[in-house]
Amino acid sequence: MIKLNLVNPEKSQIKYKISKFPDGQQTLDLIEWNDLLKYEDTVTISSRLNSFKDLELIICAVQAIRNLKPSREIALYVPYFVGARSDRKFVEGGVNYLKQVICPIINSLNLMSVVILDPHSDVLEACLNNYEKINNHYLVKYALSNIDNKNDAQERICLVSPDAGAYKKIFDVAKEFGINNIITATKVRDIKTGDILKTEIPTLDIHSELKYVIIDDICDGGRTFIELAKAIKESKPDAKVYLIVTHGIFGAGYTQLQEYFEQIYTTNSYKEIGDVETDSYGKLKATFINQLNVF
């Protein structure tokens with residue numbers, strides 16, 4: 001396997017140069033490609049796929065490789081997939097973003113495989129050619145070992161599903177790690193507006209050292225998880241609450257999250273944690289966030 005890494009150039013076996021133009025165009029030129037011509041291995045392009053700007057560079061990389069080796073097999077590794085939650089048409093007159101916008105473009109590249117980490121929606125499997133999924137178990141194992149690595153740790157862990165839709169994924173995690181304690185939150189909505197009025201969640205009193213671990217694939221602003229933590233702490237004020245999210249966007253910063261969670265575990269699939277400016281005082285030292293590198 002020959003690597004072209006668009007996230008960490010120093011890890012890229014195929015060296016390249018990215019140019020940006022005043023009109024917003026980006027392009028990519030390969031500048032060292034000896035391995036590409038010498039070996040017949042599959043080329044794996046690793047990239048973030050947060051926006052059309054990332055997609056533009058992926059397309060440039062694929063075409064640059066094929067200009068040199070037209071028949072070369074190419075795999076794409078994009079842990080986070082742009083528009084992951086836009087998996088259906090939300091309003092009349094709208095579009096299904098995954099099915100009708102992003103996936104057709106990637107499919108047109110005729111890639112050998114497209115590898116996604118802990119995808120949000122099963123729509124990807126239906127719409128993306130040569131799709132491959134990596135589950136979140138490696139991140140969960142890393143997090144749980146950090147949360148409690150003493151004997152019988154499974155008895156002191158309670159997994160929290162944010163809603164009924166996430167239960168299957170949480171159940172698979174519980175089965176993988178031998179955890180029997182699972183609870184599921186319920187969102188109480190206003191019937192007329194659909195707005196969430198409150199979050200209800202059962203708590204368990206089976207162990208005084210019970211640790212509540214919320215698991216999900218994406219954390220955007222974090223409001224859902226804050227409400228979950230609040231609901232747990234209303235019932236058990238001294239409860240220790242942890243959050244495991246594969247893709248950490250953290251669009252609202254870390255300040256509020258820091259109030260409710262002992263630790264947060266994520267990956268650098270979307271960004272490096274230190275990249276976020278949280279307020280006018282500069283970068284918040286998010287020492288309560290543990291990041292597992294996937295690039």
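Strands here are DSSP runs of E at least two residues long, numbered from the N terminus. In this predicted model, Asn268 sits in the loop that links β14 (263-267) to β15 (289-292). Setting aside residues up to four places away in sequence, Asn268 touches Gln291, Leu292, Asn293, Val294 and Phe295, plus Arg48.

Helix α2 is next. It runs over residues 52-68, and its 17 residues should span 24 Å at 1.5 Å a residue; the end C-alpha atoms lie 25 Å apart, so the two values agree. At the start of α2, Ser51 places a side-chain oxygen within 3.2 Å of the backbone nitrogen of Lys53. Much of what follows is tucked away: the buried residues of α2 are Asp54, Leu55, Leu57, Ile58, Cys60, Ala61, Val62, Ala64, Ile65 and Arg66. As a rule, an α-helix has 3.6 residues a turn, so residues three or four places apart point the same way.

Now for the nonpolar packing. The largest nonpolar core has 36 residues, and those with the most contacts inside it are Leu4, Leu30, Ile45, Phe81, Ile106 and Leu128. At least two residues of this core come from each of β1 (2-5), β3 (26-32), β4 (43-46), α2, β5 (74-77), α3 (97-107), β6 (113-117) and α4 (123-127). The largest share, eight residues, is supplied by α2. A second, separate core has 28 residues, including Tyr212, Ile232, Leu257 and Phe288.

Which cysteine sulfur is closest to that of Cys60? The answer is the one in Cys103, but at 20 Å that sulfur is too far away for a bond. Cys103 is in no disulfide either: the nearest cysteine sulfur, in Cys127, is 5.2 Å away, whereas a disulfide needs the sulfur atoms within 2.5 Å. With that cut-off, the count of disulfides comes to zero.

Technical notes: Residues are numbered from 1 along each chain as its sequence is written. This is a predicted model: local features need pLDDT of at least 70, side-chain atom pairs count only at pLDDT 80 or more; totals for chains, interfaces and linings use all residues. Side-chain values use heavy atoms; hydrogens and water are left out. Helices (H or I, at least four residues) and strands (E, at least two) are DSSP runs, numbered from the N terminus. The expected span of a helix is 1.5 Å times one less than its number of residues. Buried means under 20% relative accessible area, exposed over 50%, partly exposed in between (1.4 Å probe, protein chains only). A polar contact is a pair of N or O atoms within 3.5 Å; within protein, one must be able to donate a hydrogen and the other to accept it, and residues adjacent in sequence count only if both atoms are side-chain atoms. A nonpolar core is a set of buried Ala, Val, Leu, Ile, Met, Phe, Trp, Tyr and Cys residues joined through side-chain atoms within 4.5 Å. Contact means heavy atoms within 4.5 Å.
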